[in-house]
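Reader: I would like to learn how to read a structure like this one feature by feature. Where should we begin?

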Amino acid sequence: MDSITAAHIRDDGAIQTILQHCLNTAEQTRIFAENFGCGGYGYFCGMLHDIGKYSREFQNRIRGANNMVDHSTAGALESFNALPKIGLLFSYCIAGHHSGLPDGGSKADVGIETTLNGRLKRKDLPDYSGFKRDFDIATFTPPISQPIQPLEKYGFSYSFFIRMLFSCLVDADFLDTEAFMTSGRARGTIVYSIEDLYKKMLAYIGRFNEPKNALHEKRNEILQSCLERAKLPKGLFTLTVPTGGGKTVSSLAFALRHAKTHDMKRVIYVIPYTSIIEQNASVFKQILGEEYVLEHHSNFNYNDNDETMTRYRLATENWDMPVVVTTNVQFFESLFANKTSKCRKLHNIANSVIIFDEAQMFPTEYLLPCIRAISELVHNYGCTAVLCSATQPALSKLFPKVLTPIEIHNNTVETYRFFQRATIINIGKIEDNALAERLNNEGQCLCIVNTKRHAQELFSQLEPEGRYHLSTFMCPKHRKIVLQAIKERLTSKHILPCRVVSTSLIEAGVDVDFPTVYRATAGLDSQIQAAGRCNREGKRSMEHSIVSIFEPADKYIKYQPAAMKRPIEIARSISRQYQDIAAPEAIRSYFEQLYQMTGQGLDAKEIVKRFEDAVDCDYSFPFASVADEFKLIDQASRPIVIPYDKEADDLIRKLRSGEKNQKLFRDIQQYTVNVYPDEYEALLGTGCVEPVDTEIAVLKDGDYYHEYTGFTLPAKGGLGLFF
């Protein structure tokens, strides 16, 4: 065997020694972990993570032998032995730095188990003692101290700490490996200054200094509140602003000034829907410059158990950008993930301003875990969190007592009254033919329904001229074109017919202004969001701006998701209790009743409890189990690429040729439609889709994609009830 102990060998034969790789990784891990005051612990993990590569078996493997070698357990074992009790926390990080954070398991586990307890008992580990020639663990063992200020029972806090430290380690490991394997040509990081971005923001909002009317004056008042409150210390904030109040720009102004004031690293904007990310991101790019804004909402996730730097891992994001725009799914599922690809970016959340747009959209069954994750970021990782909404949910009682939200714009009731633009009425049950007749009698109107099936069937009954359809069965590029056409009709000097049937995707972050809106029964927050699309600019009187709440036909109610039932029932109760269901006190009552009635359902899978209880079980954390279960969307979906235009055809040709890279994945997302697994199987059965690899398929039969309504499932493919 070659006397040089290699961590990596490049195609040109160059060798990176284990010592050099561990030193580089340790130093970078230390830098990352210093963002939450744990640099010494980060360095310790980095030094030990690859010492298992000193074994003869691994050195043979890296030089071509066809044998599998466990090189991660060795460092985990040394950590466990070097630091009583707290060393176990670092053992999770080291043991999982390739295959992912393991479950802790139990003391009864034996060496064949994949749990951490099992792996620490392995008797058949290859001899890695050669590491002692280069390493003296005592020289980099940190003094034992409390790494964080734990909340509640400590268990959730410590599990969160492990995941954050794990993120530091795997990102540092990846970056150093990439730098060596590419001969130093690894992707560089963008150079930026938060202060410079804040100056760009000031230049943009300068146009608002001389309001032209009362509406602009009120929006400017909200903006000034955000700029003033940005001087406050880091912490937990709410921003309660009705639709049309300029929340997007004002919240970004708060974030940038706050980040500048407190020397914070980045702004992360978390949005409920993939479908509206493009709109918000385009506003930020217009203000700050495209090169400073990252959109992260990938539909494609590849397994990364293998250390080899595959084409897929090169596309992994680590959020090393000044402004990140992402989704609730991407953000929260990453915070509860165990795989390296998902966790790699987490350390870059530390010391950031996090804006949660449409906070009322947090998933109810995962609400407590999400709240606890936000609490940890604020309490232990130097973050500021802002919960933005026109219908602010009653979340303050769910946060730990040490965190009390501060409202950024105090005049909530007065602001609501100013922006009250529409009259909400209930018109009871209505069949499609009667509803379509009403819509056809309107010159311009919006109708929001709960399922894609309902949207397509109702659309088919509208008069052809000026009719439009919006749902996630249309690829993003298609939706963007349709939205632009809708906006042009609504803002034309001539009153042009514009009748739109949409699923709920239009309710959040889509700036449209209709004289009349219809909304199928839903939760109170959805009804109010729909009302925000009526008379948005205040050009008409309230009396002539009607939002009609209706109950759809039984055939649609039957297929509505079960999760809608309780919000609808409580919304009906609120409508009987309050004359104005959009008033702040009605909204507060709605969410209080919703959370009270849901009870333990706010953590349906007992995720918080399981992490908290681990303290009493020798810190046996269920990382892998929770990662498998924490899915904000119950059913995993499969992306189908639509050959929508020439650009899509070119991208599909690249996919078929085997090309895989970050830019291709980003570009192809504009042409994807997601379907559920059973729907995907039905499509395969008809032969109308062609798999190009294990993750992506391409639509072959154009008959299944309509120029107005987008994707249509085969008769046996189900109803596609997706919002």
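Author: We begin with burial. A residue counts as buried when its relative accessible area is under 20%, as exposed when it is over 50%, and as partly exposed in between. Keep in mind that this is a predicted model.

Reader: How many of the residues of helix H14 are buried?

Author: In H14, 12 of the 14 residues are buried, so the helix is mostly covered by the cut-off of 20%. Among them are Leu367, Ile371, Arg372, Glu376 and Val378.

Reader: How far apart are the end C-alpha atoms of H14, and what span should its residues give?

Author: Helix H14 runs over residues 367-380, and at 1.5 Å a residue its 14 residues should span 20 Å. The end C-alpha atoms are 20 Å apart, which agrees with that expectation. After H14 comes glycine 382, with a positive phi near 70°.

Reader: Is tryptophan 319 buried or exposed?

Author: Tryptophan 319 counts as buried, at 1% relative accessibility. Its phi is also positive, near 60°, and it is a residue other than glycine. Tryptophan 319 belongs to the loop between S5 and strand S6 (323-327). Over the face of its ring lies lysine 345, at 5.5 Å from the ring centre.

Reader: Where else does a charged residue lie over the face of a ring?

Author: Arginine 10 lies over the face of phenylalanine 180, at 4.7 Å from the ring centre.

Reader: Let us turn to sheets. Through what do the strands of a sheet pair?

Author: Strands of a sheet pair through backbone hydrogen bonds, either parallel or antiparallel. Here 7 strands make an open sheet with parallel pairing, in the order S5-S6-S4-S7-S8-S3-S9. Its edge strands are S5 (293-296) and S9 (406-407), each of which pairs on one side only.

Reader: How many bridges join strand S7 and strand S8?

Author: Strand S7 (residues 352-356) and strand S8 (residues 384-389) pair over 4 bridges, in the parallel sense. Opposite isoleucine 355 stands valine 386 in S8.

Reader: How many aromatic pairs does the structure hold?

Author: There are 37 aromatic pairs in the structure. In one of them, phenylalanine 156 and phenylalanine 160 have ring centres 6.3 Å apart and planes at 25°, so the pair is stacked. Planes under 30 degrees apart count as stacked. Both residues lie in helix H7 (residues 155-181), 4 residues apart, which is about one turn of the helix. Phenylalanine 156 counts as buried at 1% relative accessibility, and phenylalanine 160 is buried with a relative accessible area of 2%.

Reader: How are the planes of phenylalanine 459 and tyrosine 708 arranged?

Author: Their planes are at 45° and the ring centres are 6.2 Å apart, so the pair is tilted. The pair links distant parts of the chain, 249 residues apart. Phenylalanine 459 is in helix H17 (residues 452-459), and tyrosine 708 is in the loop between strand S20 (705-706) and strand S21 (710-711). Phenylalanine 459 counts as buried at 3% relative accessibility, whereas tyrosine 708, at 39%, counts as partly exposed.

Reader: What is a disulfide?

Author: A disulfide is a covalent bond between the sulfur atoms of two cysteines. A search of the whole structure finds 0 disulfides. Cysteine 343 is in no disulfide, and the nearest cysteine sulfur, that of cysteine 93, is 9.8 Å away. Cysteine 343 is buried, with a relative accessible area of 0%.

Reader: Last, into which domains is the protein chain divided?

Author: The chain is divided into domain 1 (6-182), domain 2 (198-416), domain 3 (421-581) and domain 4 (638-711). Between the C-alpha centres of domain 1 and domain 3 the distance is 53 Å.

Terms used
Residues are numbered from 1 along each chain as its sequence is written. This is a predicted model: local features need pLDDT of at least 70, side-chain atom pairs count only at pLDDT 80 or more; totals for chains, interfaces and linings use all residues. Side-chain values use heavy atoms; hydrogens and water are left out. Domain bounds come from an automatic or database domain assignment. Two strands pair if DSSP finds at least two bridges between them. Helices (H or I, at least four residues) and strands (E, at least two) are DSSP runs, numbered from the N terminus. The expected span of a helix is 1.5 Å times one less than its number of residues. Buried means under 20% relative accessible area, exposed over 50%, partly exposed in between (1.4 Å probe, protein chains only). Rings of Phe, Tyr and Trp (its six-membered ring) pair if their centres lie within 6.5 Å; planes under 30 degrees apart count as stacked, over 60 as edge-to-face and the rest as tilted. A charge sits over a ring if NZ of Lys or CZ of Arg is within 6 Å of the ring centre and within 35 degrees of the ring normal. A disulfide is a pair of cysteine sulfur atoms within 2.5 Å.
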